Amino acid sequence: MLIIALIAKIVATVRKLYAEMFKFGVVGAIGVIADVSSSNLLWRYTGLSHTVASVGGTCVATVTAYIGNRYWVFGDRPADARRREMALFALISLIGLVIENSFVFVADHMLGFHSIIAANVAKFVFGLPVAGVFRFTTSHLFVFPEAIAAEPYGDAADDTENGFSAQSPTTASAP
């Protein structure tokens, strides 16, 4: 029976993870559209360097991704520490931005590929997949963590006998 329960738990976890990955992919695709559009507009019409314009596009995509991830992909996750969540999302997005745009920088400044096509290939074919894996993993684990389940034997989570509530461990509740 224990093995069947363990297998059922693994299957449920994998299904949930695949569902999150699919939703994350959809949000990511919308973010890519925002990124491609804004990066290419900046490259073409502002005279900014490929790297700087690419960073601008990534910033537009980051805002789009936060909204999609917070309210759709990880919408079932607790939102009790919004400032912490936003700060972590910004930090992870910044690291992802560096990963993603380092490919553009290398292509442009080190390999000598100066065209918009080369910048798009560097960013969206190489940089985006690497940064995407990093972003999903860290968002899933750190930015939007799952709620911690109650203790199976009721140790700390359901300790109303001593006058403390699980929702507010410092406030006594009526026994």
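**Salt bridges and helix packing**

Q: Glu 100: buried or exposed?
A: Glu 100 is buried in this predicted model. Its relative accessible area is 0%.

Q: Which residue does Glu 100 form a salt bridge with?
A: The partner is Lys 123, and the closest N and O atoms of the two are 3.6 Å apart. The pair links distant parts of the chain, with Lys 123 in helix α4 (residues 116-143) and Glu 100 in helix α3, 23 residues apart.

Q: And Lys 123, buried or exposed?
A: Lys 123 counts as buried, at 0% relative accessibility.

Q: How many salt bridges does the structure hold?
A: There are eight salt bridges. One of them joins Lys 16 to Asp 76, with the closest N and O atoms 3.3 Å apart.

Q: What about Glu 20, which residue does it form a salt bridge with?
A: Glu 20 pairs with Arg 77, and their closest N and O atoms are 2.3 Å apart. Glu 20 belongs to helix α1 and Arg 77 to the loop between α2 and α3, so this pair ties together parts 57 residues apart in sequence. Glu 20 counts as buried at 4% relative accessibility, and Arg 77 counts as buried, also at 4%.

Q: Which residues are linked in a network of salt bridges?
A: Lys 16, Glu 20, Asp 76 and Arg 77 are linked in such a network.

Q: New topic: at what angle do α2 and α3 pack?
A: Helix α2 (residues 50-73) and helix α3 (residues 82-110) pack at about 145°, with their axes 9 Å apart. Their crossing is right-handed.

Q: Which residues make the contact?
A: On α2 they include His 50, Thr 58, Ala 65 and Tyr 71, and on α3 they include Arg 82, Phe 89, Leu 97 and Glu 100. By class, the contact has 10 nonpolar, nine polar and five charged residues.

Q: Finally, what is the mean pLDDT of the chain?
A: The mean pLDDT is 81, and 83% of the residues reach 70 or more. Over residues 154-175, however, the pLDDT is below 50, and this stretch has 14 contacts in the model beyond near neighbours in sequence. Where pLDDT is low, the predicted coordinates should not be read in detail.

Methods. Residues are numbered from 1 along each chain as its sequence is written. This is a predicted model: local features need pLDDT of at least 70, side-chain atom pairs count only at pLDDT 80 or more; totals for chains, interfaces and linings use all residues. Side-chain values use heavy atoms; hydrogens and water are left out. pLDDT is the predictor's confidence in each residue, from 0 to 100. Contact means heavy atoms within 4.5 Å. Axes are lines fitted to C-alpha atoms, for helices over the stretch in contact, and angles run from 0 to 180 degrees between N-to-C directions. Helices (H or I, at least four residues) and strands (E, at least two) are DSSP runs, numbered from the N terminus. A crossing is left-handed if the near helix is turned anticlockwise from the far one by less than a right angle, and right-handed if clockwise. Ala, Val, Leu, Ile, Met, Phe, Trp, Tyr, Cys and Pro count as nonpolar, Asp, Glu, Lys and Arg as charged, and the others, Gly among them, as polar. A salt bridge is a side-chain nitrogen of Lys or Arg within 4 Å of a carboxyl oxygen of Asp or Glu. Buried means under 20% relative accessible area, exposed over 50%, partly exposed in between (1.4 Å probe, protein chains only).
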